[in-house]
Amino acid sequence: MKKMIEISNLSKSFPSPGGEEKVNVFCGANFTLEQGESVAILGPSGSGKSTLLNLIGLLDKPTSGKIVVGEKDLSSLSDREVAEYRNQKVGFVFQDYTLFPNMTVKENLEFALKKGQSQDDINELIETIELTNLQDRKPETLSGGQKQRVALARALVQKPSVLLLDEPLSALDDEMRNKLQDYVLKVHKKYKLTTFLVSHDISEVFKLSDYVIKLENGSILKQGNPEELFLDKKTTGKHKTTGTILSIKNSDVIKII
């Protein structure tokens, strides 16, 4: 039986600038997932995507609600236990690469090793993410896509069970984005990760996710698999859009019209 991830009544608020009242940025999220799924988080700017990601990754504490993984209630952990869980169980990849500029690619990965962890784990990641020819180079000599591959590898060094991706591919061109998507999909399956991806790209969502959470104004507007959310067969004629097809091209698993 697979372990479940249960989010119940999760909310986050911050004091207003004057400190007299609280501003809700995320309100009452509820969803249940199987560990090992890939989840996309969608929504316009300011809808709470990064806030939800930070709460799941324990980078921030919820104002109320629970995050339960298996039998463990993460929202009840002490500060020390939170730090331990975050360091051991969660990998983060953000839009900016945050690599150490004075270290080579391999040294950046080695820096993330836990005490007593085998060097073989680094060698495996270098091979899996195809960094062999880059391992002795420093970040300043790498392209954006290469840096993001290194950031992805470094997030996986300590073998996390949860991988959080906050729009890591948004600054890349289409060709490089497609290649990086392939790496994300590859490591998600190989290491049996539970992956949360913040993205604005619908084709990326179809390619990488099993489940989609769509946010608006700090609340969940819709949730379900990509087909349910974007290919709703129940849509009536009055909601359909008409237009002229200019071209059709293949983009991995979907066709772009």
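Leaving out residues up to four places away in sequence, Phe196 contacts Phe31, Leu33, Val39, Ile41, Leu53, Ile56, Val162, Leu163, Leu164 and Leu165. The model is a predicted one. Phe196 is also, with Phe31 and Leu52, one of the residues with the most contacts inside the largest nonpolar core, which has 28 residues.

**Strand 8**

- Strand 8 covers residues 194-198, and Thr194 lies in it.
- Thr194 has a relative accessibility of 1% and therefore counts as buried, since the cut-off for buried is under 20%.
- Beyond its neighbours up to four places away in sequence, Thr194 touches Ile5, Gln35, Gly36, Glu37, Ser161, Val162 and Leu163.
- Val162 and Leu163 are in the contact list of Thr194, and Val162 and Leu163 are also in the contact list of Phe196.

**Helix 5 and helix 6**

- Helix 5 is formed by residues 144-156 and helix 6 by residues 174-190.
- The two helices pack with their axes 10 Å apart, at an angle of about 15 degrees.
- Helix 5 and helix 6 are roughly parallel to each other, because angles under 35 degrees count as such.
- The crossing in which helix 5 passes helix 6 is right-handed.
- On the helix 5 side, the residues that meet helix 6 are Gly145, Gln148, Arg149, Leu152 and Leu156.
- On the helix 6 side, their partners are Met176, Leu180, Tyr183, Val184 and Val187.
- By type, the residues of this contact comprise seven nonpolar, two polar and one charged.
- Lys189 is another residue of helix 6.
- Lys189 has a relative accessible area of 58% and is exposed, because the cut-off for exposed is over 50%.

**Helix 4**

- Asp121 is part of helix 4, which runs over residues 120-128.
- Asp121 is buried, its relative accessible area being 13%.
- Asp121 and Val157 are 36 residues apart along the chain, and their C-alpha atoms are separated by 6.7 Å.

**Loop residues**

- Ser45 sits in the loop that connects strand 3 (38-42) with helix 1 (49-56).
- The relative accessible area of Ser45 is 68%, so Ser45 is exposed.
- Between the C-alpha atoms of Ser45 and Leu99 there are 26 Å in space, and the two residues are 54 residues apart in sequence.
- Asn102 sits in the loop between strand 6 (90-94) and helix 3 (105-111).
- With a relative accessibility of 54%, Asn102 counts as exposed.
- Apart from neighbours within four places in sequence, Asn102 is in contact with Glu107 and Lys138.
- Asn102 and Gln135 are 33 residues apart in sequence, and their C-alpha atoms are 13 Å apart in space.

Terms used:
Residues numbered from 1 in each chain as written. Predicted model: local features only at pLDDT ≥ 70, side-chain atom pairs only at ≥ 80, totals over all residues. Heavy atoms only, no water. Helix = DSSP H or I, 4+ residues; strand = E, 2+ residues; numbered from the N terminus. Buried < 20%, exposed > 50% of the residue type's maximum accessible area, 1.4 Å probe, protein only. Contact = heavy atoms within 4.5 Å. Core = buried A, V, L, I, M, F, W, Y, C linked by side-chain atoms within 4.5 Å. Axes fitted to C-alpha atoms, helices over the stretch in contact; angles between N-to-C directions. Parallel < 35°, antiparallel > 145°, perpendicular 65-115°, else oblique. Left-handed = near helix turned anticlockwise from the far one by under 90°. Nonpolar A, V, L, I, M, F, W, Y, C, P; charged D, E, K, R; others polar.
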